[in-house]
Amino acid sequence: MAQPSKRAYLLITLFALLLVLFPFLFWYSTWFGRKLSDTDIDRYLADRAKPRHAQHALVQIGERMSRGDRGVARWYPQVVALAGSPLLELRQTAAWIMGQDHSYVPFHDELLRLLHDPQPMVRRNAALALSNFGDAAARPELLEMLRPSTMTSPGGGVVHYRLKIGDFVNPGTLVAHVGNTEVRAPLPGEVRALSRPEGSQVVAGDPLVELSADHNHAWEALRALYNVGQPEDVEAIQRYARGVPGMPERLQEQALLALQAIRARRP
């Protein structure tokens with residue numbers, strides 16, 4: 001039996017290397033944990049052709065802020081500018097990191113505007129960030145994070161579901177088609193109910209899917225209400241303080257802490 005030639009061995013070796021190299025290069029280019037130099041951040045923030053570069057830069061700025069690096073303040077105006085981007089990912093990321101420096105007034109002003117963003121994930125990040133400023137304007141959105149949410153039909157047509165009760169969805173998960181239109185989850189949560197029968201005719205605004213409150217979002221909201229919660233929020237928080245079936249114990253603990261803080265603030 002003839003032995004493979006050296007050229008064949010080289011081709012096989014090259015193919016094996018490419019199988020390893022291509023995933024690595026993809027991971028390297030998309031992983032936001034990869035550290036960027038100041039020059040990289042300047043370049044990435046200015047790169048309008050690749051929004052993921054700007055998002056990578058924002059994440060790196062946020063990490064530096066969390067470490068107390070005051071040098072990042074030179075990029076603050078660009079963070080505010082990106083909070084006005086038409087791209088959801090950039091607004092969402094900018095909203096999150098602006099809460100890490102509550103001494104910068106333009107961050108506060110921009111977060112108040114983002115509380116009215118059409119996308120719920122942006123509003124939630126803005127509310128959590130505003131709580132670090134001690135601003136009670138965040139409260140209505142924080143209370144929404146403690147409640148189940150309803151997905152509605154974007155238009156008319158026949159509904160065909162892509163999931164079932166008990167499934168967990170993340171933002172962007174495809175949950176249904178209405179006619180030829182995809183319906184994707186704007187928020188995370190567990191599917192509690194399918195509001196219209198499979199194959200039924202629906203119109204715009206009809207409820208389609210009921211989602212539970214997400215554990216992590218509820219916990220973050222309770223942490224924020226520890227700072228800005230008011231007496232009128234007690235009823236919503238008490239539900240978690242009593243314990244919610246299926247919810248982690250840490251939510252009950254955080255709810256009790258939030259109630260204590262609210263009562264301590266009561267005149």
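In what order do the 4 strands of the open sheet that contains β1 stand, and is their pairing parallel or antiparallel? In this predicted model, in which local features are reported at pLDDT of at least 70, side-chain atom pairs count at pLDDT 80 or more and totals for chains, interfaces and linings use all residues, the order is β1-β8-β6-β3 and the pairing is antiparallel. Residues are numbered from 1 along each chain as its sequence is written, and side-chain values use heavy atoms, with hydrogens and water left out.

The edge strands of this sheet are β1 (149–152) and β3 (168–169), each of which pairs on one side only. Strands here are DSSP runs of E of at least two residues and helices are runs of H or I of at least four, both numbered from the N terminus, and two strands are taken to pair if DSSP finds at least two bridges between them. Strand β3 is joined by 2 bridges to β6 (residues 189–194), and the two run antiparallel; within this pair, V169 stands opposite G189 of β6.

A further open sheet, also of 4 strands with antiparallel pairing, has the order β5-β4-β2-β7, and its edge strands are β5 and β7 (201–202), each pairing on one side only. Strands β4 (residues 174–178) and β5 (residues 181–184) pair in the antiparallel sense over 4 bridges, with A176 opposite V183 in β5 and H177 having E182 of β5 as its bridge partner. The two strands form a hairpin with 2 residues between them, and G179 in the turn has a positive phi of about 65°. Strands of a sheet pair through backbone hydrogen bonds, either parallel or antiparallel.

The protein chain has 11 helices and 8 strands, and of its 267 residues 41% count as buried, buried meaning under 20% relative accessible area, exposed over 50% and partly exposed in between (1.4 Å probe, protein chains only). Among contacts (heavy atoms within 4.5 Å) between residues at least 6 apart in sequence, 59% join residues at least 24 apart. In the loop between α5 (88–98) and α6 (105–114) lies H102, which is exposed, with a relative accessible area of 54%. Leaving aside neighbours within four places in sequence, H102 is in contact with N132 and F133, and the C-alpha atoms of H102 and L130, 28 residues apart along the chain, are separated by 8.3 Å.

The structure holds 1 cavity of 30 Å³ or more, a cavity being a set of points, on a 1 Å grid over the protein atoms alone, where a 1.4 Å probe fits but cannot get out, with lining residues having an atom within 4 Å of a point. About 30 Å³ of space lies in the largest cavity, and its lining consists of R124, R147, S149, L187, P188, S212, A213 and D214.

The mean pLDDT, the predictor's confidence in each residue on a scale from 0 to 100, is 89 for the protein chain, and 87% of its residues reach 70 or more. Over residues 16–31, however, the pLDDT is below 50, and this stretch has 5 contacts in the model beyond near neighbours in sequence. Where pLDDT is low, the predicted coordinates should not be read in detail.

Definitions and conventions
On a 1 Å grid over the protein atoms alone, a cavity is a set of points where a 1.4 Å probe fits but cannot get out, and a pocket is an open set with protein on both sides within 12 Å along at least five of seven lines; lining residues have an atom within 4 Å of a point. Grid points are joined across faces, edges and corners, and a volume is the space filled by probe spheres set on the points.
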